[in-house]
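Student: I would like to go through this structure with you, one question at a time. Please show it first.

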Amino acid sequence: RSVLSEAVVSTQSTWGSLPSTHSLEKLKEVKMGRRPARCYRYCKNKPYPRSRFCRGVPDPKIQIFDGGRKGAPVEEFPLCLHLISLEYEQVSSESLEAARIVVNKYMGKHAGKDTFHLRIRAHPFHVLRINKMLSCAGADRLQTGMRRAFGKPVGTVARINIGQILLSVRSKDQHLKQALEAIRRCKFKFPGRQQIVVSNKWGFTGIPRENFEKLQTQDRLLDKGTHVKVQKARGPIDMTSIFLERSTRKQLLKIQPVKPVTVKA
């Protein structure tokens, strides 16, 4: 052996074999495990939504925000329950999806799949970032540390305020016990503290129950799907008066003649 070859052998035995370019590429392609949600729990910075400047954002885990019988009319589900957050925090899309599955499964099993309507009220628009670091042997020779540490998008979360509604369930009064238990179970999927509230409003509308029944007898509610619109006592008496029945108003609308349009030369 020559002196040069002996020096190379001694260097390799001291420091180990130097990584080749192929092994370096393999190390860079290693996919890291998902960070715990506690790393992104608190609202520290400004909202960072998806935009033309923030590209390559992965899709949120939750894609369905309504469950159960979502097309049920307003009159059928008078009972309404809310899960309210008591902390200012960030809730991941994975936890929202887990909570949706818990409520949907429990209510479908113990009350029936057509006896409730679940709606997730929080939407994950805030984008999370991660500065991926290698955790293998010899990583200090491959990375630059904190230089250019602005991370890449890794997931999405919803920014929640104190008193904000996380999810709502509307159902019949006879299924109050099942709805309470379903929402209690989904609390374990969220960080922080939450509170279950039984609303005094009719379903997903903003009208109290007593007023809803009064307005319904007066025929002042216009059906808008899962909610209603209250018709105000204003406008022409012959057309939009609340004292006229709905059938009478329809007849008046049909009978009303169309005014001819005059075109000036």
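Student: In β7, which residue is the bridge partner of Cys80?

Tutor: This is a predicted model, in which local features need pLDDT of at least 70, side-chain atom pairs count only at pLDDT 80 or more, and totals for chains, interfaces and linings use all residues. Residues are numbered from 1 along each chain as its sequence is written, and side-chain values use heavy atoms, with hydrogens and water left out. Strands (E, at least two residues) and helices (H or I, at least four) are DSSP runs, numbered from the N terminus, and two strands pair if DSSP finds at least two bridges between them. β2 runs antiparallel to β7 (residues 165-171), joined to it by six bridges, and the β7 partner of Cys80 is Arg170.

Student: How many residues of strand β2 are buried?

Tutor: Buried means under 20% relative accessible area, exposed means over 50%, and partly exposed lies in between (1.4 Å probe, protein chains only). In a regular strand the side chains alternate between the two faces of the sheet. Leu79, Leu81, Leu83 and Ser85 point one way from β2, while Cys80, His82 and Ile84 point the other way, and all are buried. Strand β2 (residues 79-85) is largely enclosed by the rest of the structure, because the number of its residues that are buried is seven of the seven.

Student: Which elements do the buried residues of α4 pack against?

Tutor: The buried residues of α4 are Gln178, Ala179, Glu181, Ala182, Ile183 and Cys186. They pack against β2, α3, β7 and β8.

Student: How far apart are the closest N and O atoms in the salt bridge of Glu181 with Arg185?

Tutor: A salt bridge is a side-chain nitrogen of Lys or Arg within 4 Å of a carboxyl oxygen of Asp or Glu. Glu181 and Arg185 both lie in helix α4, four residues apart, about one turn of the helix. Arg185 is partly exposed, with a relative accessible area of 40%. The closest N and O atoms of the pair are 2.9 Å apart.

Student: How many residues apart in sequence are the parts that the pair Arg41 and Glu87 ties together?

Tutor: Arg41 forms a salt bridge with Glu87, with the closest N and O atoms 2.8 Å apart. Arg41 is partly exposed at 22% relative accessible area, whereas Glu87 is buried at 17%. Arg41 lies in the loop between α2 (21-28) and β1 (66-68) and Glu87 in the loop between β2 and β3 (89-92), so the parts tied together by the pair are 46 residues apart in sequence.

Student: Which residues are linked with Arg41 and Glu87 in a network of salt bridges?

Tutor: The structure holds ten salt bridges. Linked in a network with Arg41 and Glu87 are Glu89 and Arg193.

Student: What percentage of the residues of the protein chain count as buried?

Tutor: The protein chain contains seven helices and ten strands. Of its 265 residues, the share that count as buried is 31%.

Note on methods
Contact means heavy atoms within 4.5 Å.
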